[in-house]
Structures are given as structure tokens and as C-alpha cells.
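Me: I have a model open on my screen and would like to go through it with you. Please start with a term I will need, then take my questions one by one.

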Amino acid sequence: MNTCNISPSDLYLDPTNPRIGFEEFSLSDQKKILRWLWRNNSVDELVDSILANCYWEHEELFATKEAGKFVVVEGNRRLAAVKIISDAHLREDLGINLEEGPSKQVLDSIQKLPVIFASRKELWSFVGFKHVNGPQVWDSIGKAEYVYNVRTNFNVSLAEIASGIGDRHETVTRLYRGYVVLRQAQDQLAFDKTQSHHFRFPFSHLWTALGYSSIQRYLGVDSRTLENENPIPEHRLPQLGHLMNWLYGNRDRNIEAKVRRQNPDLRHLAQSLENQKGINLLESGSPLSSALNASLGDKYLFRNALTEADKYARDAMQFVSTGFEGETDLIATMESLHRQAVSLKFLMNRDNS
């Protein structure tokens, strides 16, 4: 690795930056990349910081030379901020207004930027530690794409990636599995994450779901095959389509997501897929609650309902002396509860005789 000072006009934003996620840019799309970063990655915070304090000379960018250009691999937000500050015409094109223009001192501090040059292969563990398992994390899709690119482009095993970035919780493996399944859904089922019913696409729903054994069985995969490029067998692609709809819905097709919150909805989805009754109800469009009940079975539901009734009755006993003041509606409720308890006991004794 070597370090030198480079004019920001000679530095290029990285079109494969994991922050960009599934957006497709080329090296020539510099203005489009800059606009995307400005709108989605809080570049304005860095602009304000540089305007107030100048560019800190010890904040090196990491770059590599590709297609004859100096492409910044690490530090794209900082480079974007510098380009915005230094170019009034660019700000006008992008519709960016600064409350106060940069001072001469600020402009002097960004004439040349400190850049460390290295290959992407040399940089992957440093960048991965910082953004996948470190202090400046990307969103989960950005992390997953980075893991995928390192494994694919540099032939590094998932175990080596995890070791290189200090991951002790199988985060690398889970992210990779989710990413290859998402790619397969996009490529082979035309899944469009922008049609998700969620305000922000919750990628974690997918890679967490793939950890449940019932969901793995439903898709015809296991922990080993989930590390393949296209892990879902062709004959199970319809099941993958169902799963993506259950996790995310589809606004264009008016399909509501069954997993609104990861806890407890995702756990309930996995439980519903434990037997064929639950699967059939889910695939027919029934509510998640109906599929869950069918999967759990009447014996479980009866025991659970009776246990819950006993618990709530005990709770009521604790508060009757201080919480009851003779309200007639509560007396009517108690009488109804008493009748149901007598009838239930009769039925249980009859069925047990």
C-alpha cells in the first residue's frame, strides 16, 4: 500500500459501493451515484462537518485503479461531500443548497485528499471489519452484498471472511444465505423489493427466516445447500414465491405481508409451516393466525386456552378487593364466566368417563 495526495476531481465514486445496495450504476454514472448518496446516505452531515471544521487530513480514503481511473473503495460518503462543497455548478445541477458557502480555509483543506492505494483484495478485511462488524455499519443488504462480492470475486470462504472481520456470531453466513436467496427470487421470480408493504425493505426478515428448520424444509434446502449460488431447487421456486409474499407482500398485486413484525410473526410463520395443515392454509391465503392454530392442533390450543383462563382468573382474584365496586356489568361478566366454567367442567368429565 502507498499513500499520496490526490485532487478530488481525479477520484471516482465506486459504482459497486455496498451502500448503494441493488441499484445498478457504471463508473460513468458519477453524478447519479452522487445524487443517490446525497438522498440516501446522510452526506449532508459530512458536508456540515467539513464546512465547520475543514477536512481532517488524517481521514484517508482508500482507492484502487480500475479502467485507468482512481476509484474510491472506502470513503465514498466523504468524497461525495468534498465534491459537493468544492463544485458550485454540481450543487446547482443536483439542487443542493448550502446555507453558507465554503470558506477559503475549507476550500484549501480539500484541494488534495490523502489517499491510500491498494487492491480491493488487499482491502476487503479492513473494509469488512469497519462496516459489517465494526463501528460504521452498513445496512444489512449492504453488508450482505459485500460478503457476497468478497466470496465471489476473491474466492474467499465464508469462514475466512468471518475470521477476517472478527465475526463470532455467524452473521456473515446468515447474510450470505439471505443474499443469494434474494438474488434468486429477483432473477428467477422477478421479485421486486420496492413493492414490499414495509416502509423500508426489511432484509433481515429473509435471512432470519432461513435459519428456521421448517422454512428450510419448505424450500427444500439445508444449511449446506443454502451456500450455493442458486440454493432453491427449481421445483421449489413456487414455495419461494409464497415465502417472499408472506415476508414482504406485494403492493402491485394487493398481497398483504403476513410478517408485519419479526417478533412474533416470523416465529409464528415458522410454526405454521411445521405441518401440512398450516402450509395449506398459508398457501390458500388464510390469515397467519388461522394457519398457526391449524398447525398447533386442538390439543395444544385447548390446553393453552385453559391455562390462560386460569391465569387471568388468578389475576382477577388479586384485584377484586380494590378494583371491584359493585359494577353490574362486571357481575354479569362473572355470571357468564361461571356458566361457561360449569359447562366446560361437565364436558371435560363427560369426555373423560
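Reply: Happy to! A helix here is a DSSP run of H or I at least four residues long, and helices are numbered from the N terminus. Keep in mind that this is a predicted model. By that numbering, residues 237-248 form helix H12, and the residue that follows H12, with a positive phi near 70°, is Gly249.

Me: Is H12 mostly buried or exposed, and how many of its residues are buried?
Reply: Buried means under 20% relative accessible area. H12 has 12 residues, and the buried ones include Leu240, Met244 and Trp246. The helix is largely enclosed by the rest of the structure, because the number of its 12 residues that are buried is 10.

Me: Which helices do the buried residues of H12 pack against?
Reply: Leu243 and Leu247 are among the buried residues of H12. Both are in contact with Leu269, and Leu269 falls within helix H13 (262-272).

Me: What radius of gyration does the protein chain have?
Reply: A compact globule of 353 residues would come out near 20 Å. The C-alpha trace here spans about 90 × 55 × 40 Å along its principal axes.

Me: Which helix has the lowest mean pLDDT among the elements of the protein chain?
Reply: Over the protein chain the mean pLDDT is 89, with 96% of residues at 70 or more. Where pLDDT is low, the predicted coordinates should not be read in detail. Helix H11 has the highest mean, 98, while the lowest, 72, belongs to helix H6.

Me: Last one, about cysteines: how many disulfides does the structure hold?
Reply: A disulfide is a covalent bond between the sulfur atoms of two cysteines. Cys54 is buried at 17% relative accessible area, whereas Cys4 counts as partly exposed at 29%. As for disulfides, the number in the structure is zero.

Note on methods. Residues are numbered from 1 along each chain as its sequence is written. This is a predicted model: local features need pLDDT of at least 70, side-chain atom pairs count only at pLDDT 80 or more; totals for chains, interfaces and linings use all residues. Side-chain values use heavy atoms; hydrogens and water are left out. Contact means heavy atoms within 4.5 Å. pLDDT is the predictor's confidence in each residue, from 0 to 100. Helices (H or I, at least four residues) and strands (E, at least two) are DSSP runs, numbered from the N terminus. A disulfide is a pair of cysteine sulfur atoms within 2.5 Å. Buried means under 20% relative accessible area, exposed over 50%, partly exposed in between (1.4 Å probe, protein chains only). The expected span of a helix is 1.5 Å times one less than its number of residues. The radius of gyration is taken over C-alpha atoms; the globule rule is 2.2 Å times the number of residues to the power 0.38. Lists of a residue's contacts leave out its neighbours within four places in sequence.
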